[in-house]
Amino acid sequence: MKNTGSLNLEMRKKFHLSSKWQRALTAYWMIIPALILYVVLVIYPMFKGLYISFHRWDGLSEMKWIGLDNYKFVFADKIFWKAIKNSFVFAIGVTLVKNILGLFLALVVNQELRGRTFFRAAAFMPVTFAFVVIGVLWSWIYNPTFGLINNLLQAMGLESWIQGWLSNPKIALFSVMVVDIWKWTGFHMVLFLAGLQGISKEYYEAAEIDGAGMFRKFFHITVPLLGQVTAVSVIMSMVGAFVGNYDVVYVMTGGGPFHSTEVALTWIVNTTFRYAQVGKANAMSMILFVFVAIFGLAQFYFMTRNKAE
Amino acid sequence: MNKFGKKAQKSVAHLFSYIVMAVVVILTIYPVLWMIFGSLKSDTEFYSNIWGWPTNPVWSNYVTAWVNADMGIRFLNSIIVTVGTLAVVLPFISMAAYAFAKIKFPGSNLLFYFFLLSLMIPQGVTAIPIFSVVINLGLQNTRLSLILVLSSQAMGFGIFLMRAFFISLPKELEEAAMIDGCTPIGAFFRVILPLAKPGLATMVVFSGMAAWNDYFMSSILVRNSKLMTLPLGLVNYIGQHITNYPQLFAMLSIVTIPIVIAYIIGQKQFISGLTAGAVKG
Amino acid sequence: MKRILYVLFSSIMVLTLAVACAQTAPVATEEPAAAPAQIEAAGEAAQSEEAPSIAGKTLYIQGSAITYPGQEDAWNEVNAAFEEEYGVTVVTNFSGLWSDIPTQLQTAQMAGETVDITTCGANQINSTLVRAGMIMDMTDLIAPIQDRWVQSTFTSYTIDGKIWALPWDSASTSAVFYNKTMFDELGIEQPTTYADIVAAAEVITASKPDVMPWVHQGKLQYMWPMWFMETFAQTSGNNSIQYTTDFLSGTRSFNSAEEIAAFEALKPFFDDGVLTQASLDTDQTGMDTAFGQQKAAMMYAGTWEITNIRAAVGDAFEVGVFEFPIVASDTSVLSQHGGGADSCLTVPSFAPQEDLGMIMQYFEYITRVDNANKILSLASPLLPVVSSVTPLDEPLAGDLNAIFLPHTIGFLDWIWPAEVNDAVMAAIPAVMTGQITSEEAAMSVQEAYDTLVAEQEYKFDWYSDWTDEDWAKVAPQSIPTFEVVE
């Protein structure tokens, strides 16, 4: 990925692009609109949130400065840490399954099979649905009396497998994870598919001549060359599981039962709007952001540093 | 491995693949079909006939749902907000991404990572600060505020994706254009942009989806019922009419079907755009 | 061809953006402006003599989406008549969830919008809104027409001796609804004590294995505290309100014998098979449906559920009610149920002072006999809040009014803050399914309270800390006179 912006000297002189500052100016002009929008509506509110996190505020009356106390309270908040733990479990579980499944499906689809376009479209479709829709739909699928799953199990004679999918604290989180996986796996499949199609067939043919079997081809050619795509895919799912899963959890369980599906986001929103502890909620949000930013950016940096040209 | 063994292996692999594909298709399509079936059942059949398709399709569920939930207005609002968001997002992101991709300037990497930060920001609690900014701009309770906010939230991912896409385009193109007499800006509009269609298609799908499906920001920024979008109307409806599931499913279907259609149409472009972005990113 | 498409697409985008920009002014909803008609002298008193004219003003009403079918039309009808009689324009905005009302008020205030009246819930008034200074003190304002209400319904809206909101829709109480036909068929008598319940459950499970003895909307976490309130009312010797007030004032620990006993009394429901695991996954509709389809014989709910129950049952069987069973060892205690007027109308403290005359006139108008009946009859008023409203014609109304109403005390979650409520809410099913002990449950509630005090400086009697300045923000500057038509 060479980014030289290099036009040769003649052309540069011809178009008065001699100074690198002129180039830079053009660049800045092109970036300014996006930057302004971004700073005003994303960055500035973040700073405002930071400011609020140093106050005690119920959102309605006046704010009261309490310095770092909110952060102390957050560290002592058992439910917050439970929510973080749940977010972790969610993130790791969902990332593993989505990526492995996505890769697997991409491998399947990469073969010369009929109906692959249809299949690709079908697998990706859940990505386009609104979470409100998915939440209502799946809540009903999980419904103990009238839902699809329990009725299916009953019809197959597997009554012992019937569970309170969303009411049993031990499995509720996993039930919600299944929904997130259902929605997003198609997306990861497409990513991996793109990566697979970028690998030249010659590599495989050469390996076959050397007598390599399926597994050796996979591990020695496919995996290394998918490094870039894997990085993007993994990072997206990990980060999304921390800062983007509010809708799915909220619509399905609201964080219950007993906070077993409480994730960082639902707890933050609950603290803000139900308890009216806005300052404390902002402190939580800051902690979460810092953690995810460091983790995410580090991942991005390391995983994309040595990409193949 | 002899030829026969190889062929057999391939057939087994293919068979296995077909089975997998069939399973996945069922898993993804059936819930949606189930939703549509449910929307056409009567109240009692909804509970008694869980699996199959409706015996006497109750099309009036759609009419009732449409009328009761003011779907016409909501549809319009959703379209306005989504299209408006795209109108802002596409030019802003294309320009910025192009600059990051093709022009070497000081602070390029720093600014890029700065935009990437937006991917890490937790949803939810910044809603109130964002709302107060919106008030300061005098835009409270308007669709424009929703458009601007949703656009701002698309910046990070959009720039990331489009930049990767632009990088994948060979730089000789611009040089060729300029030899023919274009300015750099001209080259951008006449040569690069048309080639960026798949990338743009990707942006359209992602940002469009995000805008169409957004619930949380919309609920904070727009409270006037005449300005509400579909997801808001949906949640409102759920709050009001909890007993009538077929009608609720009809509503869900109304919200979902346009997206599905749009997706099916734009699918090819979109996936090839995603392809380029992922591989070269 | 492609170029045409591009141009078309781009112009559509620009056009819609322009449309969005053009409509940046907040759009008025619902009520078309009725032409400010000349004031018709309605009834005996001529308006201009008694009260200053309010013609030409606009009244802004907001609230959550109306859930009673047909009630929104009734509102519109009454509002249109009000517009004509007084030359006022009424603008209503009933949308969103009930739980969003505090946020809606907050955003309205931030945006500088005018809100004259809002609907609200007893819970929100008591726990958040009044102490945040968002609500106007209505005591003096409402005095001229206060007698139009059933006085006991004001209890839930009286804090520090002042009235903060006007009860609306219907009052409620809580009862156990049961399948009387099934009970008669199985020869079960109406249960009074918990032992009776267990016996009934055994008979039911034996003869009808598919039927759950008791179903509850356990998926909705906020529907569990009602259970605790019943048992606590009993184990505290009918002192639950007092004990809770003491606990919140810091003079009593939640970790006391009576509270622990109240948790303990809930366990047997699961242990003895009265409630099954399925209840934890069942929501409101599921509960009504299960009961209506005879998959469950008993359900415990508030009387607000009656319309849904009737809809779910139809003619299938006869529905009966009985009071929550006595679980306390001392069987002489009364069964007491949470209840009261759940919904209300209130005036935000940031409502324009010059609108007060119009606001009070509006309240007077909608509580006139005909108007009140128009709106409130659609709220299934089993226990009317406005005296002149005809109670719902419901076979069970007699029993509910005669037996249950006298045993109705306020819901505890209208007194204690959301944090405490959430702790109770989470603890109950945990105790019932044996995940934590009753002592641990009580401890968790006490901890929630302690944390609240430590972190948020929670004070139950917040009003004792208020300065004159604080009171000034919520007091009406002058008490307007308004026409009262009997």
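Visitor: How do α7(B) and α10(B) lie relative to each other, roughly parallel or roughly antiparallel?
Guide: In this predicted model, α7(B) and α10(B) are roughly antiparallel to each other, a label given to angles over 145 degrees, whereas angles under 35 count as roughly parallel, 65 to 115 as roughly perpendicular and the rest as oblique. Helix α7 covers residues 143–167 of chain B, and it packs against α10(B) at an angle of about 155 degrees, with the axes 10 Å apart. Axes here are lines fitted to C-alpha atoms, for helices over the stretch in contact, and angles run from 0 to 180 degrees between N-to-C directions. Helices (H or I, at least four residues) and strands (E, at least two) are DSSP runs, numbered from the N terminus.

Visitor: Before we go on, what should I know about the numbering and the model?
Guide: Residues are numbered from 1 along each chain as its sequence is written, while chains are lettered from A and ligands numbered from 1 in the order in which they are written. Since this is a predicted model, local features need pLDDT of at least 70 and side-chain atom pairs count only at pLDDT 80 or more, while totals for chains, interfaces and linings use all residues.

Visitor: Which residues of α7(B) and α10(B) meet?
Guide: From α7(B) come Leu150(B), Ala154(B), Phe157(B), Gly158(B), Leu161(B), Met162(B) and Phe165(B), and they meet Gly199(B), Thr202(B), Met203(B), Phe206(B), Ser207(B), Ala210(B) and Ala211(B) of α10(B); two residues are in contact if their C-beta atoms, placed from the backbone, lie within 7 Å. By class, this contact has 10 nonpolar, 4 polar and no charged residues, where Ala, Val, Leu, Ile, Met, Phe, Trp, Tyr, Cys and Pro count as nonpolar, Asp, Glu, Lys and Arg as charged, and the others, Gly among them, as polar.

Visitor: And what about α4(B) and α10(B), at what angle do they cross?
Guide: The axes of α4 (residues 71–102) and α10 (residues 197–213) of chain B cross at roughly 140 degrees and come within 9 Å, and that makes α4(B) oblique to α10(B). On the α4(B) side the contact includes Ser78(B), Val81(B) and Ile93(B), and on the α10(B) side it includes Leu200(B), Gly208(B) and Trp212(B). The residues of this contact divide into 10 nonpolar, 5 polar and no charged.

Visitor: Is that crossing left-handed or right-handed?
Guide: α4(B) passes α10(B) in a right-handed crossing, and α7(B) also passes α10(B) in a right-handed crossing. A crossing is left-handed if the near helix is turned anticlockwise from the far one by less than a right angle, and right-handed if clockwise.

Visitor: Switching topic, how many residues does each of chains A and B put into their contact?
Guide: The contact takes 78 residues from chain B and 77 residues from chain A. On the chain B side, helix α13 (residues 245–280) gives the most, with 14 residues, and by class that side has 59 nonpolar, 16 polar and 3 charged residues.

Visitor: What are the domains of chain B?
Guide: The assignment for chain B gives domain 1 (3–48) and domain 2 (68–280), with bounds that come from an automatic or database domain assignment. Their contact takes 8 residues from domain 1 of chain B and 7 residues from domain 2 of chain B. The largest share of the domain 1 side, 4 residues, comes from α1(B).

Visitor: How far apart are the domain centres in chain C?
Guide: The C-alpha centres of domain 1 and domain 2 of chain C lie 31 Å apart. In chain C, 16 residues of domain 1 are in contact with 16 residues of domain 2, and α5(C) supplies the largest share of the domain 1 side, 4 residues.

Visitor: Last one, what is the strand order in the open sheet of chain C?
Guide: This open sheet of 4 strands has the order β8-β9-β7-β10 in chain C, with mixed pairing. The strands β8 (212–215) and β10 (319–322) of chain C stand at the edges, each with a single partner strand, so one side of each is left without a neighbour in the sheet. Strands β8(C) and β9(C) run parallel and are joined by 3 bridges, and two strands pair if DSSP finds at least two bridges between them. Trp214(C) stands opposite Met298(C) in β9(C).
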